[in-house]
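This report describes a structural model, taking its strands, sheets, domains and chain contacts in turn.

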Amino acid sequence: MKAHGVVHKYGDNVDTDVIIPARYLNSSDPAELAKNCMEDIDPDFVKRVKVGDIMVANKNFGCGSSREHAPIAIKASGISCVIAETFARIFYRNAINIGLPIIECKEAAEEIEAGDEVEIDFDSGMIYDRTKGTEYKGQAFPPFMQEIIKAEGLVNYINHK
Amino acid sequence: MGMTMTQKILAAHAGLDVVEAGQLIEANLDMVLGNDVTTPVAIHEMEKFNTQEVLYKDKIAMVLEHITPNKDSNSAEHFKSVREYANSHNITNFFDVGEVGIEHALLPEKGLVVAGDAVIGADSHTCTYGALGAFSTGVGSTDMAAGMATGKAWFKVPSAIQFVLTGKPAKWVSGKDIILHIIGMIGVDGALYKSMEFVGDGIQYLSMDDRFSMANMAIEAGGKNGIFPVDDITIEYLKEHSVREYKVYEADEDAVYDETYTIDLSQLKPTVAFPHLPENTRTIDNVGDIKIDQVVIGSCTNGHITDLRIAAEIMKGRKVAKGIRVIIIPATQAIYLQAMEEGLLKTFIEAGAIVSTPTCGPCLGGHMGILAAGERAVATTNRNFVGRMGHVESEVYLASPAVAAASAITGKISCPCEVMGE
């Protein structure tokens, strides 16, 4: 499995309130949520994002609320993977459980810039910045979590167990 | 190697003698919780399971409290979907208008969570029940659905940071000030993936409501859970509220902690978190001149009876400053009634505040007090992120009920000592 796209870059502590503000939580429809994704810190994100694009941020991405609407909105907006130095733990669980690929990698999070073209190989955990010609090794998931991701989420994983 | 208090609870629920940090386990759950925002997504996930049977009807709580009563037509549909599901599946602990309170105040009050439990909730502040000596943590809707379907959840066993609390806090220093101080010290990811275990002789001076506020905000330091040892104060609370059998776990003497911080509570001052992160803390003597537009006293963090008593003590016989909107939200119906019987609601209304029925409301910018561009609120809530209470250019300052009440009277962020002439 691979991802390939253009990078949208953010800083530290991107919280779930800016990923999808509470005023839109009266819907749980992925397409509806995607329309307002990142609105409060990046109003043009929705216009700019293309299917397959990649989100890169620094530490503690997805902190705050447990709203699964946040990874759902990111996934439905077309983002194929989120790379961050660290993820807040509930976001981390939610992303795995709904099948949104995420990778922790400090160096990649620090060096990759907005607009870079990036390719990710999920099997090896390698991240290639095609614009800069650099490469990074992301942290691999434990086998148990890889199985959930392979099953495309927790529900399928439990159904197949 | 010994286990932390959290590790002991997790080991017992996984049927293991010993667990260690980093180990992946599957634990049996005593309670699975959801609210009106997260439960509709969980119900949608439930429909994808091979089995539609809900095995543990008594171990599920559905609490319609985030934007209750129905805020608008979309949320009305959400509420309706949960009502229909709860009724058709005979969910025992379903709470709607008339019975509902803010979930993390309601579950302990109803005795649905006790010491020694393992609890997940599709709400980040589920960590609140650590105040009772339970392991509890926030998860998402899919985890909630899996918990409902299987009665279990997977966990990575956390390591822990130990906070040794010593000394007696000064008059206007509450659990809220202590936890804001800690978050200011370690940062919003200072306890990422970890337990925050509170110990020390200072705990004897903290009421259950203080402890609920502190465990509640463990998530604001990135923590997996916050937990207190069980003492006489806990046992008295449990006996008053629950008929369920509780179990007391204690950390081993040789338990290993990633870090240990010792905090002398007698040295702490009322503390305020400035926009837009809970770690941006300043003590009350360093806040400067911050004029405000709104005050909110309520939420799962500070909507308890002792919070309302403190606010009323400061507001009694005084008037809210001209132009300041003061919104007071008792966390549950029982707290509302108690506040009425004690005359606290009269004090608030005479001072010029309004009193709402239980709801999370403005805390998450849902309803009941949304801020316009450029407006500022002092709130006893738990988050001050960009746009949290309304417009992206509005600001939230997190504080204790005492500081919030004092600020309501002066119209700027103020020390209670100033208003009380101390």
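## A parallel sheet in chain B

Strand β8 (residues 160-166) of chain B and strand β9 (residues 195-199) of chain B run parallel and are joined by five bridges; helices (H or I, at least four residues) and strands (E, at least two) are DSSP runs, numbered from the N terminus. Within this pairing, Ile161(B) has Met196(B) of β9(B) as its bridge partner. The model is a predicted one, in which local features need pLDDT of at least 70 and side-chain atom pairs count only at pLDDT 80 or more, whereas totals for chains, interfaces and linings use all residues. Residues are numbered from 1 along each chain as its sequence is written, and chains are lettered from A and ligands numbered from 1 in the order in which they are written.

Both strands belong to an open sheet of four strands in chain B, ordered β10-β9-β8-β11 with parallel pairing, where two strands pair if DSSP finds at least two bridges between them. The edges are formed by β10 (225-227) and β11 (259-264) of chain B, each of which pairs on one side only. On average, neighbouring strands of this sheet are turned by 20 degrees against each other, direction ignored, with axes taken as lines fitted to C-alpha atoms, for helices over the stretch in contact, and angles running from 0 to 180 degrees between N-to-C directions.

## A mixed sheet in chain A

Chain A contains an open sheet of seven strands in the order β4-β3-β2-β1-β5-β6-β7, and its pairing is mixed. Because β4 (102-104) and β7 (134-137) of chain A stand at the edges with a single partner strand each, one side of each is left without a neighbour in the sheet.

## Domains of chain B

The domain assignment, which is automatic or from a database, divides chain B into domain 1 (5-263) and domain 2 (271-415). Their C-alpha centres lie 24 Å apart, and 33 residues of domain 1 of chain B are in contact with 32 residues of domain 2 of chain B, contact meaning that the C-beta atoms of two residues, placed from the backbone, lie within 7 Å. On the domain 1 side of this contact, the largest share, six residues, comes from α6(B).

## Contact between the chains

Between the chains, 44 residues of chain B are in contact with 36 residues of chain A. On the side of chain B that touches chain A, α5(B) gives the largest share, seven residues.
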